[in-house]
Amino acid sequence: MTALSAAWQSDFMWSFRRSPLAVISFLVVMALIFGAVFAPLIAPHNPYDPATLNLLNGFTPPMQPSAMTGDVFWLGTDGQGRDMLSTILYGMRVSLFVGFMAVLFALVLGVSLGLLAGYVGGWVEAVIMRIADVQLTFPAILVAMLIFGIAKGFTPVHLRDQMAIWVLILAIGLSDWVQFARVVRGATLVEKNKEYVQAARLIGRRRSSIMLRHILPNVLGPVLVIATISLALAIIAEATLSFLGVGAPPTQPSLGTLIRIGQGFLFSGEWWILLFPGLTLLALALSVNLLGDWLRDALNPRLR
Amino acid sequence: MLAYTIKRLFQAVVVLLVVGLVAFSMFRFIGDPIDNMLGQEATQEDITRLRSQLGLDQPFPVQYVKFLGNALRGDFGVSYRQGRPVAEIIAERAPATLELAAVSGLFAITIGIAMGVFTAIRRKGLAANIIMALSLIGVSLPTFLIGILLIYIFSVELGWLPSFGRGETVKVGDWTTGFLTESGLKALILPAITLGLYQMTLIMRLVRSEMLEVLRQDYIRFARARGLSDRIVHFRHALKNTLVPVITVTGLQLGSIIAFAIITETVFQWPGIGLLFINAIQFVDIPVMAAYLLLISVMFVAINFIVDLLYFAVDPRLRDDAVTAGET
Amino acid sequence: MKRLILGSLLFALAGTAAQAETFRWASVTDPQTMDPHAVSSAPVLGFLNNVYEGLVRRDKDMRIEPSLAVSWEPIGNGEGWRFKLREGVKFHDGADFTAEDVKFSYERASSEESDVSSWFAPVSEVIVVDDYTVDIMTKQPNPIFPDSIANWMIMDSGWAAGNGTERPDKENGNFATLNANGTGAFMLSERQPGLKTVLVPFDGWWGEAEHNVTRAEFTPIQNPATAVAALLSGDVDMINPVPIQDAERLKARDDLKVLQGIEARVIMLGFGHEADALKYTGDAGKPNPFKDPRVREAVAKAINVDAILATIMRGNAEPASQLVSPAMRGYSTANTDRPSYDVEGAKALLAEAGYSDGFSFGLKCPNDRYLNDEAVCQAVVGMLAQIGLTAELDAMPVRNYWPELRADNYDMYLLGWSPGTFDAEHPIRFLVTTPNTEKKLGSWNFGGYSNARVDELLPMIQSEIDDAKRQAMLDEVAGILQDETVYVPLYVQPLVWGTGGNVELTQRPDNFFILRWVNVN
């Protein structure tokens, strides 16, 4: 039996195959990620290149020829004459990138600090957990606005557009690490008194090695669950921030920016400018959430 | 216990000071208040004069210490935009936010617990699974979009509920309330749902998983074995035991309800402190921003502090880590 | 407790009964103060025009007409103006209006604490001749002085003294921040900053009421979609502005009306004229191409204003050829042509100037100041790309925008200008004359454009009494600005208001909402 088929036969995969919702969600997420990653190859237009835009194509409805130029766009165009399909694909790229990076950042930061706090204890723990308090004190929205403001003050102007994305990542990541830290610290407190850790300590293993080799693997389950749900949260958070004017720039819009722009057209009849980005975001976040849900149950042996 | 309380109290104060410092330092990056205060015909002299009048030409640490000193005496300064004491403005706006937060909290808790129990008891049922999946839609769309869609459906298309504001309010002492008029109550519905949807989903899922956990415990099995009816088992035994974590999480979520009110209040033009804060950012009204952030911080820190103490009382071994260990 | 609820129920019923005759309107910004001299901004002045009055006022077509003054005439050879005041006028609190109030209001409005003191820069003295005659002396002959004081509102000296508000105080506020006592057709009955402001008709008003409003309630609504929803659902009777994209849909409905007009504000592109080098993008540090008038003209030719107006503005705006709109006094009928859209011509000009390969630069733009400002800038970026110019757009909220422009952090920028005096002299003084802090000239000429002839003409325009000669000089300036493409005027910003189908009102080009012209049927 190969390793692959062994994995397929595992409890984990068995539970996966048994859950149609999980399978569908997984496929949707994969399809969307595929679309985002290969956007430059798939997308009919490049919405980032202003020279290719024709303002006269603006507000063309889906599947209809433009009144001015006769071009046809599957999902219509926005007010700048940008092809919605291409814009959504590129926007998803931005949203997913921000989401993944923010979660990665939060995860690395949160897990390390949580391990450290739980295992070392003492004043290290006190300092870390109080920093966590400060962090919790500022709701994600405020953290993001703060970092955005500060970063804008310090970045050379010609880098600001690229910077916006990194600031979003930093802001969303920073507002999210506490969850990881708290869970990991809690689990570490429990694990470190277990016999196998005591044993490792007795045979003279170093602290760092005990933390990484013994404790970390035991807390990865809940971390994975939090990470999945955080991904959905991060994508939504980015959209929310764009409503407050601190999202991705409209020249390189994320799904959130597209929705923020699109909500201005809710009453004007150009429904496609809001509907398609909205549905895409819903499909993305919902699938990720459903996967996270399933993962939680699957990793919780007591619920089988 | 006393020593621990004092230690935590001390830490809480330090936390607040840091929050204040961070908040205060951000203002200089938000923008320049001067341009919003002077008309288009103002001269450079006017600008310099106003700057020194507001103390904005002083070094940053001086401004911060001054702000702290005044804040300790309950003086948050005068709003740049409205020309009125900030404390007065916040006192005027707070009831709107608190009432909205209370109603959406109530909505989240009652519906959340009811649905949580239902989906736990009928874990394999079709209805429960549909509810579980649907509940995720609420957290898979940004709040502002949900709010606007609700307005579109219930105000514009159906014409059932008002599209913005608080309706008629009644003054009871210093408190303006929307609870006592029909239009006030109607106006609460859409914003409360928008704001509470996320928390509702959270509570529902928490109750469900806690319930499932408890239902597997031995004493529940014994209770069943003793022949107690399902209803008594579910509600008298199981539900009761799930409530402790629910209360904790709800407490912590209270703070974020008020913070997230910023978005809901903007969409519904709800005249609370969240909208006040957004306006303050727009006009770089530093005293209002500072007071708002400090207020929110005090609230969060107080809630954290109380939760910590409760946990200490219950389980000195674990202290604050169990707060979110269960579910997130 | 029972009593309280019963009482409030009655209150609520009474509230709904009164609401039937109430006119409710909404706009984006709340007037931040009720003090007519503390803040010189359109939302404040526009709102307070319903409560306070000036010596003169503007009619439905923006012409000056008598208000608290019944007539006025120049004194001697232009040493000043004599105003005859209206007799029998009462303030809302019952006090009589006399010449003393005019003198007091001059002192208050021209004080250091006032935000409108620049209106009185030409004034040397205000003399009370008798109870109903006032002489306002000017340092130089000032033909447009009566035109420039329509928003100078008269406050009762006794009321101000009695309430300790002899001077405006915008930093700390005072009695006049929340209260008002004018002579206008409406009285302030309730003021909750940021929430709701209620006006009721003033029975003792000197004029004849043209309106049938018994109570008017103003609410700021920030989110444009919410405002449209409020109008659609009948929660308000009027919104200003209607988001441009929604105008057509609202027009199509039977129960709503859309009022359109052109505002006084001209939207334009500005350049760095003084800067020696570009500041942004990969070309930062290279010589500033915008110093060359041919490059500026190429920019003007590259922009398809008609396309911007057709899509982003949905056919609701007019192209602009100069810094003021045709509705303004002193508009130059001799210079109404704007550079035609001509990509090839623009490329040729660039090549001639030595930039056949184009260059890249930074474009600054506000994103919450003018209608669809950011979308317009995006479109400009796209159009400039067609002639090989790569603009990097940096759009920001207006709170960051002015400091950025003032610090010269741009290569090109977007600006809107609405002349406070409704006269073509205004933008010349602020946007074109060589900056001079001492003389308070050119304070918004961020690019530092400087032309000796324009500098020479400005004082002559300011003191010329003869209309024809004055117009000739204004025409000359407009010609110079066009020849050198100092700015690229794009279009005149449209005004779009939405009302319920049963509402009749008049829209004035200064975007002031005048309640005494409202009728609800």
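The model is predicted, so a local feature needs pLDDT of at least 70 and side-chain atom pairs count only at pLDDT 80 or more, while totals for chains, interfaces and linings use all residues. Residues are numbered from 1 along each chain as its sequence is written, and chains are lettered from A and ligands numbered from 1 in the order in which they are written.

Chain B holds twelve helices and two strands; here helices (H or I, at least four residues) and strands (E, at least two) are DSSP runs, numbered from the N terminus. Its elements run α-α-α-α-α-α-α-β-β-α-α-α-α-α from the N terminus on. Out of 328 residues in chain B, 47% count as buried, that is, with 20 or more other C-beta atoms within 10 Å of their own, the C-beta atoms being placed from the backbone. Two residues are in contact if their C-beta atoms, placed from the backbone, lie within 7 Å. Among the contacts in chain B with a separation of 6 or more, 69% link residues 24 or more positions apart.

Where chain B meets chain C, 42 residues of chain B and 40 residues of chain C take part. On the side of chain B, the elements giving two or more residues are α2, α3, α7, α10 and α11. The largest share, five residues, comes from α7(B).

Over in chain A, helices α9 (residues 177-191) and α11 (residues 207-243) pack at about 145°, with axes 10 Å apart. Axes are lines fitted to C-alpha atoms, for helices over the stretch in contact, and angles run from 0 to 180 degrees between N-to-C directions. Residues making this contact include A:Phe180 and A:Val184 of α9(A), along with A:Ile215 and A:Val219 of α11(A).

Chain C brings an open sheet of four strands, in the order β4-β5-β7-β6, with antiparallel pairing; strands pair if DSSP finds at least two bridges between them. Since β4 (69-75) and β6 (123-130) of chain C sit at the edges with a single partner strand each, one side of each is left without a neighbour in the sheet. Neighbouring strands are turned by 20° against each other on average, direction ignored. Strands β5 (residues 80-85) and β7 (residues 133-138) of chain C run antiparallel and are joined by five bridges. One bridge partner pair is C:Trp81 with C:Ile136 in β7(C). Helix α3 (residues 99-109) of chain C packs on this sheet and touches β5, β6 and β7 of chain C.

Conventions: Buried ≥ 20, exposed ≤ 12 C-beta atoms within 10 Å, placed from the backbone.
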